[in-house]
Each structure stands twice: as structure tokens, then as C-alpha cells.
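Subject: The structure, and what turned up in it

Hi there,

Here is the structure I promised to pass on. Have a look at it first, and then read my notes below.

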Amino acid sequence: MRSDREEALRQREYIRLTQEILKKQELEKGRKLTFHIETFGCQMNARDSEKFAGILTEIGYEKADREEDADLVLYNTCTVRENANLKVYGHLGKLYHEKKTSNPDMKIAICGCMMQEPDEVALVRQKYSFVRLVFGTHNLFKLAELLYRTETEKGMIVDVWEGTDEIVEDLPAIRKYPFKAGVNIMFGCNNFCSYCIVPYVRGRERSREPEEILEEIRGLAHDGVREVMLLGQNVNSYGKGLERPTSFAALLEEVEKIGGIERIRFMTSHPKDLSDELIAVMGRSKKICNHFHLPLQSGSDPVLKRMNRHYTKAQYLALVEKLRAAVPDISVTTDIIVGFPGETESDFEETLDVVRRVRFQSAFTFLYSKRTGTPAASFEDQVSEEVAKARFDRLLKLVQEIAAEESGKLTGKVLPVLAEEINQQDHALLTGRLTDNSVVHFPGTEKEIGSILQVRLDECKGFYYLGSRV
Ligand code: SAH
Ligand code: SF4
Ligand code: F3S
């Protein structure tokens, strides 16, 4: 197999070749060509889209103002729940209409998790034959090469790999924000939670070498980045498969030492791998944000067992307690699935019980969605839609009540806020975040975006604070 560095060089050659083609097209059209990327799904996909934007910009494309005017439209898809897929097909239908009526030269490409599923690729071939390019999650670094092929070959180009050992990172990327950045520390997932499609579409867990990650973060700090979000499906098991095994806690301690980086976040943690060492590091750290996203999924032991989660309700509650003891004021958020096969009323009550005890700052709640190919899809006792929906509504109500009671706890305090953007409604205000991830609106100017400012939290308006400068 080619080394990752050789592969990156090879892709740079394709970037050069497509640049030449694009220049000719610019001359013909008398203008620059444009791209639009639509990203579905999680932070991993968002990060991948930054890589696509980097490659396309290097090739010579400019960002389109509107999707319908773009010369190249790329859909980076998610398939974690049925809804995610439906959204993509809905969008594609609309796009086809635009292409037919006003933008016939539009080139449409689809990539990401959904395209790792053979049935979805077959559907695209059959029903969406206007799509020019389909590729998956394992070969996303090949974008330039695949675009080149759309220029030199006819028909739909489909290139989807089943898996990979390659981690090709040494290619351009364009970050959405100049002051904060996502950094992949690992790819894939080995946990096989019985409801989840991610291990099948993202492949086995692969950690990046710590030195490579640290080098990337040093570079980001040098470019003015203040906040990094370390990304992986299960960051707590980072480092296990490396030649010289290490731990997530050890990595965090190294990131902490990097000058210029002031805030460290990470996503996502699996309770089964949340170590005491990590909690201790968080307790000591001056930079790790006091927010912990710890997916619960269910509060019922039998359901957790069938979900293949490897922890119990009691263990989950104990972890939250330990976190709160080590990091006072830490905000804990979660993900919960309702209506998992076999979930009884009393199982569901257990979930409500955890929500009442932990009092999450916020929670993402999901209706269980059957994913073909996962073990849970063939479990016999699927919960009826009606029952699941009624439970979902009860859960959401409780989550919202508690979140409302918990919000406002910080009113009156003066805390550091990372200024992220001009407030959409009132241009005299900036919008930023506390380290616990709460949103704050406060007076400020555009040139302060990207700085960490001291703000007094005067008033809480439900899901955000209004603040003043001190
Ligand atoms: N790796 C992360 C989450 C990845 S998916 C973790 O383990 O926490 C994000 C969330 O989607 C999950 O936490 C879960 O709550 C939800 N999810 C995943 N598969 C689902 C399914 N089949 N139906 C409903 N929700 C699902
Ligand atoms: Fe899916 Fe479980 Fe892996 Fe998260 S840990 S991505 S829920 S299999
Ligand atoms: Fe979706 Fe893929 Fe992320 S399935 S949640 S985009 S890893």
C-alpha cells in the first residue's frame, strides 16, 4: 500500500490537473466557478466538509452565495437515523428541479455515511441518475481525483471503500471559524451499540498518533485558534490501538501545554471508557471546558444490556457524581433514545428517573430508528410508533422543565466568554459562549470576535444570557 504521504502528494497532483480544467471552464463562462457544500450529521462530518472546502478552494472554486446557483453541489450525508436519509433525498429532489429548470450545468456529488450503504448507492443509481459522483467516508481525501474523473469519464462515478487503514490528513482544509477548530483524534468506532450504524459506515476505530495531533494543534494555535474540539466517536478509548498505546487523559495533558490554546472541548465520550484518570485531569486542568457530553441512551439496565452499552444505571449515576465532585459547576448534557425494542413502561420510567436525578443542562432526545444491518433491527419486540411517540413527548417535557430550572444558575456572575459572532438580530451585540457551552449576548464590536472577554451575566432568558461588559 502507498504511504499516507505519497497519497497526499498524489492527490496534490490531481488538484493541479483539475485546476487546469477549471481555468478553461472559467474562460468559457467568463467567471469563476462556484461550489456549495451541504453538511448533514455530526461534528465528524462538519470537519470532513472543511477538508472538502479546502480542496475545492485550492482547485479554484469559490463559495457560491446560493446552493441553486452553484456549479458544484456536494452533499455530505448522515445515516444515523431514518430521518437523516429522508432529508437528503428531499433535498436532492429539489436540487434536481433547479438543475433542470435554471442550472443545467450543475454538477451534483454525494458522499459521507449514507453512501457507505450499498442499498442507498443502488437507490441513487436508480432514482437519482443525474448525480455525477458518489464516494464514501474512507476515501474522502480523493475528492480532487474523483472530480478529475468526472471531467474525463462519462456517467456516474461511484467509488466507495469498505474500510481503510489509511489516514490521509496532509491536505488543505478551510476552517469555518478562524478562532475555533475541530481536530480529529480518531476515526471509526468499535463499540457496536446494537442500534447504531456508525461502526458499519465509519469502519474500525483508528487513533491518530499523538505527535501528529499535537503538531496540528500547535499549527492552529499559531494561526490564531483559541479553542479546539477534539473529535472522535468515543474519545475515551483514544490511543488503545497505537503501536505505543496511550490514553485520552495523557493526550489532554499534552494539549493543555500548547500556548495560545485557551479552551479544550471534546466529543463524544462513552461512559464505559470514562476513566478516573480523565476525571482527575479535568479537575486539574485550566483549559478543559466545564462541559461534559455523556450519552446515557437509556436508564434501564436490561435495555442498556440489549443496547450493548456495557454500563448500568448505577454506574452512570456514579460517573456523573465523580465528575461533579472533581469539576464543580460542570454542565452535563446527554443523548437519550426512546422506544428501543423491548422498552417497557418501567424501563422508560428508569430513564426519567436518571433525568430527574442528574438534571441535565440539556439533552438530545431521539425516537429509536431501525437501521438495517444492525442487531437491534431484528429484535422481535419493536415498540409501536404510538407508544414511542407518547414516551418521547413525556421525556422531552421533563428534559425541558429541568433545563429551564437549571438555566439561569449563573446569573450575576462575571465569566469569560469567547466572542463568536455578531448577533443576528442586534448588530450592536456579540454572541459568544461560556466554557459550559451556554450562549451569551453582550455589547461588543466585530473586531473583538475570537477574543475571550469578561462578561457579567445580567439576565437569563431561558436558553441564553444577556450580559454586560466589565
Ligand atoms: N458516538 C456517539 C454518538 C454517535 S450518534 C456516542 O456513542 O455517544 C449520536 C446519537 O444518535 C447517539 O448518541 C444516539 O443517541 C443517537 N442514535 C444513534 N443511533 C440511533 C438510532 N438507530 N435511533 C435513534 N437514535 C440513534
Ligand atoms: Fe454508535 Fe455506540 Fe459507536 Fe456511539 S459508541 S458511534 S452510539 S456504536
Ligand atoms: Fe451521521 Fe455519520 Fe456522524 S452517520 S452521526 S454523520 S458519523
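Which residues surround ligand 2? The shell consists of C189, N191, F192, C193, Y195, C196, V198, P199, Q233, H270 and R309, where a residue is near a molecule or strand if one of its heavy atoms lies within 4 Å of it. Seven of these residues are nonpolar, three polar and one charged. In this scheme Ala, Val, Leu, Ile, Met, Phe, Trp, Tyr, Cys and Pro are nonpolar, Asp, Glu, Lys and Arg are charged, and the others, Gly among them, are polar.

A word on the ground rules. This is a predicted model, in which local features need pLDDT of at least 70 and side-chain atom pairs count only at pLDDT 80 or more, while totals for chains, interfaces and linings use all residues. Residues are numbered from 1 along each chain as its sequence is written, chains are lettered from A and ligands numbered from 1 in the order in which they are written, and side-chain values use heavy atoms, with hydrogens and water left out.

**Salt bridges**

The count comes to 50 salt bridges, each being a side-chain nitrogen of Lys or Arg within 4 Å of a carboxyl oxygen of Asp or Glu. One of them joins E13 and R16, at 2.7 Å from N to O. Both residues sit in helix α1 (residues 4-29), three residues apart, about one turn of the helix. (Helices are DSSP runs of H or I with at least four residues, and strands are runs of E with at least two, numbered from the N terminus.) E13 is partly exposed at 35% relative accessible area, and R16 is partly exposed at 36%. Here buried means under 20% relative accessible area, exposed over 50%, and partly exposed in between, with a 1.4 Å probe and protein chains only.

Another bridge pairs R208 with E216, whose closest N and O atoms are 2.8 Å apart. R208 is buried at 4%, and E216 is buried at 18%. Salt bridges with shared partners connect R47, D48, E50, K51, E169, R202, R208, E212 and E216 in one network.

**Cavities**

The whole structure has three cavities of 30 Å³ or more. A cavity is a set of points, on a 1 Å grid over the protein atoms alone, where a 1.4 Å probe fits but cannot get out; lining residues have an atom within 4 Å of a point. Grid points are joined across faces, edges and corners, and the volume is the space filled by probe spheres set on the points.

The largest cavity holds about 200 Å³ of space. Its lining has 15 residues, with T137, H138, L140, F187 and R206 nearest the centre; the lining divides into five nonpolar, four polar and six charged. The second largest cavity holds about 60 Å³, and α1 gives the largest share of its lining, four residues.

**Aromatic pairs**

There are 16 aromatic pairs: rings of Phe, Tyr and Trp (its six-membered ring) with centres within 6.5 Å, stacked if the planes are under 30 degrees apart, edge-to-face if over 60 and tilted otherwise. Y14 and Y148 have ring centres 5.5 Å apart and planes at 55 degrees, so this pair is tilted. Because Y14 lies in helix α1 and Y148 in helix α5, the pair ties together parts 134 residues apart in sequence. Y14 is buried at 18%, whereas Y148 is partly exposed at 23%.

Happy browsing!

Conventions: 1 Å grid on protein atoms, 1.4 Å probe; cavity = no way out; pocket = protein on both sides within 12 Å on 5 of 7 lines; lining within 4 Å.
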